[in-house]
Amino acid sequence: MKNILDYETVALVDEDDAIEIIDQTLLPGRIEIIRLHTAKEIWDAIYLLQVRGAPAIGVTAGMGLYLLMKHSEAASYEEFMKELDEKSDYLNSSRPTAVNLSWALKRMKVHVEKVYSEMVIRDVNSSASPEADFETVRAELVKEMREEAGRIKAEDIDVCRRIGENGLTLIKDGDGLLTHCNAGQLATCKYGTATAPMYLAHEKGWNIKVYCDETRPLLQGARLTAFELHSAGIDTTLLCDNMSASLMKTGAINAIFVGCDRVAANGDAANKIGTSMVATVAKRYNVPFYVCAPTSTIDINTPTGDQINIEQRKPEEVTEMWYSERMAPEGVKVYNPAFDVTDNELITGIVTEYGVLRAPYDKAIKELFEKKNQK
């Protein structure tokens with residue numbers, strides 16, 4: 001019988017012009033696989049958190065843009081790119097904080113531009129014109145978009161594995177680990193980011209204990225992280241968000257691993273609401289606090305966390321969701337940001353696919369991208 005880890009988080013079903021995802025709003029009560037065909041369905045799936053987690057959102061965006069351009073009838077390159085920009089802008093409006101969304105959409109566009117430029121150079125050399133038979137050119141551009149979307153997914157799996165290997169160097173057999181929200185396999189295509197060291201430790205036969213914050217108000221820790229880690233056979237304990245301080249005080253937690261939706265150039269990191277509180281308490285009790293971030297999540301164009309756009313969610317998520325009857329009085333005001341920003345001074349290390357970055361983060365991040373660009 002399949003468990004949750006046997007399903008792909010995001011998959012392309014080309015023959016049906018669809019993206020297939022696990023509807024994460026129904027977990028853990030029901031595992032339901034749904035298919036997204038239209039721009040509105042893809043937008044809604046991202047906004048409503050049917051698909052969630054920065055890497056998984058990026059993969060969905062890449063596949064989605066390909067599918068939306070697959071049957072384009074643009075008669076010229078200019079028309080094609082105008083249509084691509086419109087569809088990209090629409091998808092990008094679904095969740096403003098997760099940088100992987102805009103990163104993947106931009107990557108798809110840049111790849112199309114590169115492929116077309118190569119066509120122009122090739123055809124100039126052969127005295128032909130790519131615009132003379134744009135139908136053929138359009139088919140080639142769409143084919144290249146499909147391949148690029150596939151590379152984004154394959155790279156996500158590889159990157160998460162490498163983050164896991166680097167994170168594994170920070171823990172040992174028998175450790176107690178805490179995580180907040182869901183930066184697991186359900187947030188990526190495999191392994192997760194913050195959970196990748198946990199899965200690899202489990203593969204090695206280490207006896208780790210993982211504690212999952214519920215992560216209110218949407219309970220991603222309770223519904224998703226606890227669900228997938230428990231399904232994998234890892235020793236998993238669930239706790240309410242306001243219990244982590246008392247747990248850290250006992251000495252049960254040796255390290256904390258969280259994911260993130262955006263890292264600023266100075267190392268400030270935006271993650272699910274409540275993360276900065278965990279980091280603050282960890283500092284008090286001298287518990288190492290690690291942010292697991294693929295380099296695609298590091299935004300060097302955002303100087304500090306102050307410039308990160310924090311999404312505000314609907315008040316009903318606090319007042320009504322999960323309750324059989326409304327829990328709060330009618331008319332009461334609700335503060336419901338989806339994320340908060342953890343100051344870089346609270347972060348022990350940023351675990352990337354290229355290694356563990358240490359403070360000063362502005363320097364470490366700059367050097368990382370310089371080395372990456374040289375490759």
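This is a predicted model: local features need pLDDT of at least 70, side-chain atom pairs count only at pLDDT 80 or more; totals for chains, interfaces and linings use all residues.
## Overall build

The protein contains 11 helices and 14 strands. Its radius of gyration is 21 Å, close to the 21 Å that the globule rule gives for 375 residues, so the protein is as compact as a globular protein of that length. Along the principal axes, the C-alpha atoms fill a box of roughly 75 × 50 × 45 Å.

Of the 375 residues, 55% count as buried. The protein exposes about 16,700 Å². Carbon and sulfur atoms supply 51% of that area. Among contacts with a separation of 6 or more, 75% join residues 24 or more positions apart.

## The three-stranded sheet

Three strands form an open sheet here, in the order β1-β2-β3. Their pairing is antiparallel. β1 (10-13) and β3 (33-36) stand at the edges, each with a single partner strand, so one side of each has no neighbour in the sheet. From one strand to the next, the twist averages 30°.

Take the pair β1 and β2 in detail. Strand β2 covers residues 18-22, and four bridges pair it with β1 in the antiparallel sense. Valine 13 stands opposite alanine 18 in β2. Helix α2 (residues 54-70) packs on the sheet and touches β1 and β2. The direction of α2 makes about 15° with that of β1. Helix α1 (residues 39-47) lies across β2 and β3. It runs at about 135° to β3.

## Around strand β4

Strand β4 spans residues 176-179. Gly176 and Leu178 point one way from this strand, while Leu177 and Thr179 point the other way. Are these four residues buried or exposed? All are buried. Buried here means under 20% relative accessible area, so the residues on both sides of β4 fall below that cut-off.

β4 pairs with two strands described here. With strand β5 (residues 209-213), the pairing is parallel and runs over four bridges. Glycine 176 stands opposite lysine 209 in β5. The chain crosses from β4 to β5 through helix α6 (residues 196-203). This β-α-β crossover is right-handed. With strand β7 (residues 255-258), β4 again pairs in the parallel sense, over two bridges. Leucine 178 stands opposite isoleucine 256 in β7.

## The four-stranded sheet

Another open sheet has four strands, in the order β11-β8-β9-β12. Its pairing is mixed. Which strands stand at its edges? They are β11 (298-299) and β12 (339-342), and each pairs on one side only.

Strand β9 covers residues 269-272, and four bridges join it to β12. The two strands run antiparallel. Asparagine 271 stands opposite aspartate 340 in β12. A helix packs on this sheet too: α9 (residues 275-284) touches β9 and β12. The direction of α9 makes about 30° with that of β12.

Definitions and conventions: Residues are numbered from 1 along each chain as its sequence is written. Side-chain values use heavy atoms; hydrogens and water are left out. Two strands pair if DSSP finds at least two bridges between them. Axes are lines fitted to C-alpha atoms, for helices over the stretch in contact, and angles run from 0 to 180 degrees between N-to-C directions. Contact means heavy atoms within 4.5 Å. The radius of gyration is taken over C-alpha atoms; the globule rule is 2.2 Å times the number of residues to the power 0.38. Buried means under 20% relative accessible area, exposed over 50%, partly exposed in between (1.4 Å probe, protein chains only). Accessible areas come from the Shrake-Rupley method with a 1.4 Å probe; for residues, only the protein chains shown count as cover. A crossover is right-handed if, with the strands pointing away from the viewer, the path from the first strand over the helix to the second runs clockwise.
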